[in-house]
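Hi,

Here is the structure I promised to pass along.

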Amino acid sequence: MDVFNHLIFGFGVAISLQNLFYCLVGVTVGTLIGVLPGVGPLATIAMLLPITYNVSAVAALIMLAGIYYGAQYGGSTTAILVNLPGETSSVVTCIDGHQMARQGRAGAALAVAALGSFFAGTVSTLLIALFSPPLAKVGQSFGAPEYFSLMVLGLISAVVLAHGSVVKAVAMMVFGLLLGLVGTDGNTGGQRFTFGLITLADGIGFVPVAVGVFGVGEIIANLMAPEEKRSIVMEKISNLWPTMAEFRQAWPAVIRGTALGSILGVLPGGGATLSSFAAYVFEKKIAKDPSRFGRGAIEGVAGPESANNAGAQTSFIPMLTLGIPGNAVMALMIGALTIHGIQPGPQVMTERPTLFWGMVASMWIGNLMLVIINLPLIGIWVQLLKVPYRLLYLAILLFCAIGVYSVNNNAFEVVLTAMFGVLGYVFLKLGCEPAPMLLGFILGPMMEENLRRAMRISSGDPMIFINRPISLGLLIAAALLLIIVALPGVRSKREEAFQEN
Amino acid sequence: MKARLLDNKDFWAGALLAAIGVAAVVLARDYPFGTSLRMGPGYFPTVLGATLALFGGFFLVRSLRAAETLDTNWSLRALIGLTVSLILFGALIDRAGFVPALVVLIFGSAASSTEFKFREVLLLTAILTVFAVVLFIWAIGLPYRLFAGF
């Protein structure tokens with residue numbers, strides 16, 4: 001089997017001492033920020049991205065990926081023990097996980113979350129290995145019109161699957177596209193929106209935008225809220241093993257969660273958070289006795305926790321094979337690739353097999369590390385929750401500032417970060433989600449480039465997007481999505497699904 | 001009516017987005033628009049700016065009937081304090097060096113919290129500065145001078 005040869009090759013890359021080390025760093029940092037409420041993988045990856053500049057591209061990507069899926073493990077710990085979501089993707093885990101902890105079944109809940117995540121991680125690693133090569137082949141046959149239509153579809157489904165108001169999400173996306181235009185126009189060399197500033201000629205760096213909006217903006221918002229009293233369920237977590245009956249209840253939910261998460265992760269706009277919400281709703285719907293949910297149903301932990309890890313990992317598929325980010329974290333991964341001088345796209349797999357397969361294999365190794373880090377060492381992570389936020393945010397801010405400055409040794413970018421921090425805070429207050437903005441910002445220049453190229457191919461005839469079958473199919477899919485989400489019935493269902501907590 | 005607009009999320013979101021959109025269109029008038037065959041540098045800014053302005057307008061209109069109340073409790077202290085601290089960090093790191101920039105950043109941002117305790121913050125500033133120097137300068141090897149101009 002080809003897949004196995006590739007994976008063996010990948011493991012060869014991933015078990016080099018350097019790569020193992022960065023994998024361990026990534027998953028440890030991921031668990032850390034997963035456990036801590038108020039620090040998400042987005043801000044962390046943005047902050048640490050500049051630091052990866054000095055290591056090889058493989059090691060950098062291995063580490064950054066580890067942060068994302070590692071956060072899914074850590075997030076459940078806080079949710080179960082403190083009833084606070086460590087991550088947005090573990091919001092639903094609080095509902096039943098914390099009830100289990102209060103009934104003295106914290107150990108079982110933690111074990112099911114970790115083992116379910118590990119199962120999901122294993123399956124989704126295999127899925128990436130299986131489906132990436134054919135998808136990349138499809139991607140290589142794409143021309144400019146297909147890519148443009150694909151990006152339209154990606155942006156629209158990202159908006160549809162975002163939380164909150166669809167219209168606001170679209171508006172934020174347009175704003176992101178506009179931000180992406182700042183700088184020198186690639187085709188004509190003209191300057192746009194640079195206000196005569198030389199540092200803006202290369203465009204706004206995406207590190208200041210991401211760190212500002214997701215790091216600084218959130219700190220400002222968090223500082224406002226008074227520190228909530230954390231009641232940690234601390235009685236000895238003695239039994240870290242579920243009973244046979246619990247095990248029997250949990251494993252079908254793990255499989256369902258893995259399947260659902262794997263599918264939702266690949267969709268543009270999908271990823272960990274959407275997957276865990278969907279899995280919870282699904283488990284509740286198919287349960288024989290839904291009233292058990294909210295009172296410590298183990299499926300309510302097993303399903304979502306498997307789903308968020310599966311979703312986190314399969315969301316790498318479109319990013320790695322087509323160069324198209326499905327969510328904001330993947331947009332940062334694209335940024336990491338470009339920082340290392342790698343053009344994202346279907347050619348990455350064939351031109352840089354060490355990077356691609358090394359990273360895929362490292363995901364499985366990382367998941368193995370995570371089970372060890374999270375189960376036997378759980379006591380250490382619980383201690384961390386005692387660190388008050390007023391100390392924590394100083395450290396975060398320090399990493400933000402040094403991280404941003406070190407990208408280009410450009411002090412102006414730190415000032416930009418501060419400005420985007422204010423903007424991010426204002427958007428948060430106004431109920432505008434910043435994630436679609438970041439996606440638009442990353443995709444903007446790519447879309448413009450492909451649209452222009454398509455127009456030159458067709459001599460300015462927009463019908464080219466309709467005459468090409470693949471492009472037409474993608475656009476129809478995008479239009480259908482918009483129509484579906486606008487239907488009144490679906491709209492209320494959608495609001496319901498996102499308000500499940 | 002006016003009072004309702006001022007604490008209305010949609011109103012402010014609309015105003016902000018519309019302003020950005022209009023500004024983009026106005027600025028883009030200086031860039032050649034081109035044709036759809038040969039798009040000039042002004043093509044996208046104009047189209048996107050106008051779209052954004054339309055969305056802004058939509059929210060403004062919507063804010064007249066449906067109101068989602070804005071939490072007007074702005075954390076001004078954190079907002080201004082953190083922003084100024086970061087800007088000072090940017091201003092100081094090239095001119096005064098890594099250590100002074102860090103001290104100002106940490107102390108300034110700690111002072112932005114309402115739970116500010118002078119002695120605790122002083123201690124923290126010292127600890128975090130040493131930590132950052134060890135991690136970033138010695139371990140990672142970023143080539144910054146600890147103190148500039150000395």
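**Around A:Val254**

Setting aside neighbours within four places in sequence, A:Val254 is in contact with A:Gly116, A:Phe119, A:Ala302 and A:Ser306. Keep in mind that this is a predicted model. A:Val254 belongs to helix α10 of chain A, residues 244–266. Buried or exposed? A:Val254 is buried, because 27 other C-beta atoms lie within 10 Å and the cut-off for buried is 20 or more. A:Ala113 is worth a look too: A:Val254 and A:Ala113 are 141 residues apart in sequence, but 9.0 Å apart in space, C-alpha to C-alpha.

**The α4/α6 pair in chain A**

A:Ala113 turns up again here, as one of the α6(A) residues that meet α4(A). Helix α4 (residues 57–82) and helix α6 (residues 106–140) of chain A pack at an angle of about 165°, with axes 10 Å apart. The two are therefore roughly antiparallel, and their crossing is right-handed. On the α4(A) side the contact includes A:Tyr69, A:Tyr73 and A:Ile80, while α6(A) brings in A:Leu110 and A:Gly121, among others. By type, the residues of this contact divide into 9 nonpolar, 5 polar and no charged.

**Where the chains meet**

Between the chains, 52 residues of chain B are in contact with 49 residues of chain A. On the chain B side, α2 (9–28), α3 (43–65), α4 (76–95), α5 (98–111) and α6 (118–139) each supply at least two residues. The largest share, 11 residues, comes from α4(B). That side of chain B divides into 35 nonpolar, 12 polar and 5 charged residues.

Cheers

Definitions and conventions: Residues are numbered from 1 along each chain as its sequence is written. Chains are lettered from A and ligands numbered from 1 in the order in which they are written. This is a predicted model: local features need pLDDT of at least 70, side-chain atom pairs count only at pLDDT 80 or more; totals for chains, interfaces and linings use all residues. Two residues are in contact if their C-beta atoms, placed from the backbone, lie within 7 Å. Helices (H or I, at least four residues) and strands (E, at least two) are DSSP runs, numbered from the N terminus. Ala, Val, Leu, Ile, Met, Phe, Trp, Tyr, Cys and Pro count as nonpolar, Asp, Glu, Lys and Arg as charged, and the others, Gly among them, as polar. A residue is buried if 20 or more other C-beta atoms lie within 10 Å of its own, exposed if 12 or fewer, and partly exposed in between; C-beta atoms are placed from the backbone. Axes are lines fitted to C-alpha atoms, for helices over the stretch in contact, and angles run from 0 to 180 degrees between N-to-C directions. Angles under 35 degrees count as roughly parallel, over 145 as roughly antiparallel, 65 to 115 as roughly perpendicular and the rest as oblique. A crossing is left-handed if the near helix is turned anticlockwise from the far one by less than a right angle, and right-handed if clockwise.
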